[in-house]
Amino acid sequence: MRNFWRQLRTPTLVRRIMVAQMLLLTLLWSLFLTFVLWEDLRSPSILTGSKTYDAVFTLVQSMGERPQERTVVLDAFSKALREGYGGGEDPELSISLIVRKNKALIYSSPGAPTGVINTRFGEIQRIQSEGRAWSGRTLKSDNADVEVTLVTPAAGWNFFFYLNSRGYYILPLLVCIPFLLFPAWLSIRIAMRPWNKVVNEVSLRPSDDLSPLKEVPKHRELRRMVDAINVFLARVRESTERERVFIADAAHELRTPLAAMRINVEALQSYVSSDRQQELLAGIIRSNSRAARLVNQLLLLMHSEARIDTVMAPVPLTTLIQERMAALSPLAAERRIELEFYSHDETWVTGVRERLMSLIDNVIENAVKYSPQGGRVEVEVRTRDESTQLRVSDAGPGIPVELRERVFDRFFRDPRQMQSGSGLGLAIVKAVAQQHNSSVSLSTSAEGGLMVTIDFPTPRDA
Amino acid sequence: MKILLIEDDLDLGNGVRIALADQGFDVIWVRRKEDALHQIDACVPELVLLDLGLPDGDGMSLMTYMRQQLKGIPVIILTARGTLQDRLSGLDAGADDYLVKPFVLAELLARVRALARRSYGFKNEVIEIRGLTLHVPTRRVTVSERHIELTASEYALLEILMLRTDRVLTRRFLEERVFGAKENMSNALDVHMGNLRRKIGEGYVRTVRGVGYVIDTVPIQKGEG
């Protein structure tokens with residue numbers, strides 16, 4: 001119920017157009033009606049015509065000798081006039097009949113403003129009498145002895161009573177409304193369909209997709225909006241691209257001084273004999289390694305986040321993992337960690353080889369780094385119907401459930417973790433996985449450490 | 001051994017020069033392409049360390065020049081450009097190795113030594129690891145001075161592993177190198193490796209499960225289990 005109300009209260013464009021249309025229609029109709037009625041009121045057709053006058057002349061002349069009967073007939077005639085006018089018996093709202101013969105009043109409708117005397121014959125005149133305004137017209141009979149005057153009220157406020165008596169003018173509008181509303185609603189809905197298409201495309205796209213909208217509407221209004229969105233997207237794309245290039249350039253420029261620092265300290269090491277001095281130099285070398293790794297990771301991340309501009313091709317995942325594990329094995333050997341790889345046949349995934357390499361490197365490096373000395377890192381590739389799964393598990397401390405989402409953020413590190421790291425490894429993994437339409441999930445391994453699972457979609461034409 | 005170092009960065013160049021000189025190499029250090037061209041002709045180096053980003057020209061063109069002038073002289077590229085494409089184009093241009101900055105001195109020395117060894121050929125080459133020796137020209141293998149008879153495949157496996165110590169060689173790489181790229185050779189590799197191990201004794205070839213094999217110069221004490 002509450003939902004229904006909320007829905008009803010939320011403004012919609014369809015309703016706005018409908019309401020605007022209805023309001024305009026009503027306004028125009030009312031203006032037209034007002035004009036027609038106003039014109040009619042100012043010069044009522046009954047006053048402008050001559051048939052009513054002729055009827056009264058004939059009546060007066062043929063009944064000249066019978067004044068009593070004449071008055072009765074004129075009274076009945078006046079009642080008929082008033083009924084036809086629609087204003088009731090009140091002279092202030094209705095028409096009145098005044099008949100004079102030889103300038104003497106021989107009949108007037110009940111309550112008629114007898115003070116209304118036209119100065120010119122045959123013309124509708126506005127006359128003030130008894131403190132009110134009246135419209136009156138007087139005609140003379142052919143032998144000029146009978147004058148018939150018809151008087152209608154002319155005060156502005158009378159218009160409303162008049163309007164009220166002419167209610168049948170409004171009825172067509174009321175009858176028309178359903179016939180107008182439904183087609184209007186339907187046509188608006190149909191007109192809005194291309195709009196909804198664009199909305200759907202915008203809402204369905206992933207947050208990091210800054211490519212131009214593919215849906216190019218034929219309609220001019222929509223095309224302008226889509227063009228505007230595309231221009232905006234291009235600007236955002238350009239600025240993120242600039243930012244990425246800047247970071248990559250900065251990282252790149254840092255490589256040479258870092259290399260120089262490292263090589264000089266290493267050369268210095270052979271000249272230094274004291275243990276304390278060696279310890280200090282080792283500290284410099286460790287920091288240098290960290291900085292170097294950070295620079296490399298930054299570059300990798302910037303490359304990983306760049307849009308893939310080459311065509312994705314089938315990559316032999318099993319062979320690639322074997323190669324990377326072989327390359328990483330010195331790092332594992334240094335920490336006396338055993339690397340193990342389990343897989344069946346060659347498995348192919350669709351992707352960009354170099355980016356998959358950095359994904360594999362980072363997952364395995366992380367596992368090796370956080371494993372206890374002498375531990376074991378298991379890498380496994382499983383093929384399922386709809387996906388290829390890469391699992392890397394270690395025997396390290398793992399990541400608490402509540403931090404598992406946040407560790408993918410750049411530079412976020414588990415606060416309990418004392419191992420040094422760039423804080424970019426999992427961000428790189430996530431970026432590469434996303435580009436390959438793959439998901440990354442973290443869970444607890446059999447040995448209580450971390451298990452990283454990456455699900456690659458199975459290539460369609462494999 | 002004469003090494004031509006072409007590196008424009010003052011601190012890095014000087015550091016490498018001193019580090020290599022300390023190791024007994026004869027280093028000529030130049031910082032500009034022009035000087036490099038001059039030195040290539042003047043001193044005829046036996047190994048070149050080349051930085052690709054030089055102030056007066058791209059190092060790649062220098063690479064091409066050297067390939068024409070100094071045939072067979074090994075070149076190691078030192079560069080900050082580290083993507084796969086960069087590596088491949090460097091190696092395509094004729095470089096023998098590719099080191100991405102920042103590198104570790106030990107790594108630089110290892111690559112320099114490996115290339116020096118290769119450029120001198122294996123004429124007098126005896127590789128020795130913890131009592132296991134391999135004399136390349138005669139294909140003679142001894143363990144603790146005791147001669148070992150190996151089949152051709154076993155010898156080929158051992159030679160590849162001993163020429164690339166401390167590097168894990170993948171099963172696929174070994175299969176291709178030793179047996180040629182034929183299908184379903186995985187079992188053959190296991191059989192030959194088993195025989196080789198039985199003959200030379202345990203403790204030399206380490207298995208990286210599911211990945212490949214390696215001979216470590218310094219043995220790794222495994223935490224069993």
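This is a predicted model: local features need pLDDT of at least 70, side-chain atom pairs count only at pLDDT 80 or more; totals for chains, interfaces and linings use all residues.
**View 1. The open five-stranded sheet of chain A.**
The strands follow the order β7-β9-β10-β12-β11, and their pairing is mixed. At the edges stand β7 (338–342) and β11 (439–444) of chain A; each has a single partner strand, so one side of each is left without a neighbour in the sheet. From one strand to the next, the twist averages 15°. β7(A) and β9 (residues 376–383) of chain A run parallel and are joined by five bridges. A:L339 has A:V377 in β9(A) as its bridge partner.

**View 2. Helices α4 and α5 of chain A.**
The axes of α4 (residues 51–62) and α5 (residues 67–85) of chain A come within 10 Å and cross at roughly 165°. Angles over 145 degrees count as roughly antiparallel, and α4(A) and α5(A) are therefore roughly antiparallel to each other. Their crossing is right-handed. On α4(A) the contact is made by A:V56, A:L59 and A:V60, and on α5(A) by A:R70, A:V73, A:L74 and A:F77. Of the residues in this contact of α4(A) with α5(A), six are nonpolar, one is charged and none is polar.

**View 3. The side of chain B that touches chain A.**
Here 33 residues of chain B are in contact with 31 residues of chain A. At least two residues of this side of chain B come from each of α1 (10–22), β12 (169–170), α7 (171–179) and β14 (212–215) of chain B. The most are given by α1(B), with seven residues. By residue class, the side of chain B that touches chain A comprises 16 nonpolar, ten charged and seven polar residues.

Key: Residues are numbered from 1 along each chain as its sequence is written. Chains are lettered from A and ligands numbered from 1 in the order in which they are written. Two strands pair if DSSP finds at least two bridges between them. Helices (H or I, at least four residues) and strands (E, at least two) are DSSP runs, numbered from the N terminus. Axes are lines fitted to C-alpha atoms, for helices over the stretch in contact, and angles run from 0 to 180 degrees between N-to-C directions. Two residues are in contact if their C-beta atoms, placed from the backbone, lie within 7 Å. Ala, Val, Leu, Ile, Met, Phe, Trp, Tyr, Cys and Pro count as nonpolar, Asp, Glu, Lys and Arg as charged, and the others, Gly among them, as polar. Angles under 35 degrees count as roughly parallel, over 145 as roughly antiparallel, 65 to 115 as roughly perpendicular and the rest as oblique. A crossing is left-handed if the near helix is turned anticlockwise from the far one by less than a right angle, and right-handed if clockwise.
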